[in-house]
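Subject: Structure handover

Hello,

Please find the structure below, with the sequence. My notes on it follow.

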Amino acid sequence: MPRRPIDITVPDLSGKRAVVTGGSDGIGLGLATRLAAAGAEVLLPVRNPRKGEAAIAKIRQAHPTANVSLRELDLSSLDSVAALGEALRAEGQPIRILINNAGVMTPPDRQTTVDGYELQFGTNHLGHFALVGHLLPLLRSGHARVTSQISVSANQNSVNWQDLNWERSYKGSHAYSQSKIAFGLFGLELDRRSQAHGWGITSNLSHPGVAPTSLLAARPEIGRDRDTLGVRLIRGLSARGILLGTVESAKLPALYAATAADALGARLYGPNGPGHLGGPPAEQKLYSRLRSAEDARRVWEVSEELSKVSFPNG
């Protein structure tokens, strides 16, 4: 029996600028398409211009009048993040929506960013932390909604405070969990600091559940030459409608968190099915790893130190 399609209504976003990282394929492309369809001006900061152009062509094929354009961004390079921030600040246009969606997952061997940080921590967390810092004036002027995409893996393992860079030992799945826990703690702390300092930004979290996205597929650029067993299993279960979501449903929690009038700051939105693996989007309890305000403060401070990006206190 075919599964019933799941969807949400997106409000009119005409005249609003939206930025989506990781928008050249998968969930990010789905998010960018829906935002553009609602009238937003959508910026896609991408590492691979060819993939970016193909993504824009797909969006315009579905929505010929879509206002969508590319920018250059490699989240694994803090210089690249700073360059994008400088370029967008020079444009001076307020940002209403920022969806921090891009990510890398479990390379087979430990790899590092351009700046020498473990690839997942440096890309998934530090790169986005720095991006928000560089875009802060535009986010403030746009009274932005910032939605940061975490993962069910943020409910597993822990932050390796004694070896954040995984230099003494490396386990890809644990390093991935750390990157998403740190990223989630940052998203919550961003909302706290916005409230305390009057930045006017609303920051919340989303996760896509489990769906056959490209994260565990073949990724030659990180040393994965073939699809993992995990993604093959996920595809099979998803196709049969067993517990898991689809690529189409997986984008909905972030879309809801970023656009719905009743989506609040410092909240987590995910699929509402069994185990929060699939189903329609809804608010859910924060994962236990995300509930410590002290851990969030600690992540913020170490991230400022490592990224060399500081946020103002007012």
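How close do the axes of helix 4 and helix 5 come, and at what angle do they cross? They come within 7 Å and cross at roughly 15°. Here axes are lines fitted to C-alpha atoms, for helices over the stretch in contact, and angles run from 0 to 180 degrees between N-to-C directions. Helices (H or I, at least four residues) and strands (E, at least two) are DSSP runs, numbered from the N terminus.

Before the rest, the basis. This is a predicted model, in which local features need pLDDT of at least 70 and side-chain atom pairs count only at pLDDT 80 or more, while totals for chains, interfaces and linings use all residues. Residues are numbered from 1 along each chain as its sequence is written, and side-chain values use heavy atoms, with hydrogens and water left out.

Helices 4 and 5

Helix 4 and helix 5 are therefore roughly parallel to each other (angles under 35 degrees count as roughly parallel, over 145 as roughly antiparallel, 65 to 115 as roughly perpendicular and the rest as oblique). On the helix 4 side, the residues in contact (heavy atoms within 4.5 Å) are Q120, F121, N124, H125, H128, F129 and V132. Helix 5, residues 172-197, contributes among others Y176, F183, F186 and L190. The contact residues divide into nine nonpolar, seven polar and one charged (Ala, Val, Leu, Ile, Met, Phe, Trp, Tyr, Cys and Pro count as nonpolar, Asp, Glu, Lys and Arg as charged, and the others, Gly among them, as polar).

N101

N101 sits in the loop between strand 4 (97-100) and helix 4 (119-141). Its relative accessibility is 11%, so N101 counts as buried (under 20% relative accessible area is buried, over 50% exposed, in between partly exposed, with a 1.4 Å probe and protein chains only). Leaving aside neighbours within four places in sequence, N101 is in contact with T21, G22, I27, G28, L31, H128 and Q149. H128 also belongs to the helix 4 side of the contact with helix 5.

Helices 1 and 8

L31 is also one of the residues through which helix 1 meets helix 8, as are R34 and L35 of helix 1 and L252, A254, L255 and T259 of helix 8. The axes of helix 1 (residues 26-37) and helix 8 (residues 252-259) come within 10 Å and cross at roughly 40°, which makes helix 1 oblique to helix 8. The residues of this contact are five nonpolar, one polar and one charged.

Eight of the eight residues of helix 8 are buried, so helix 8 is largely enclosed by the rest of the structure.

Regards
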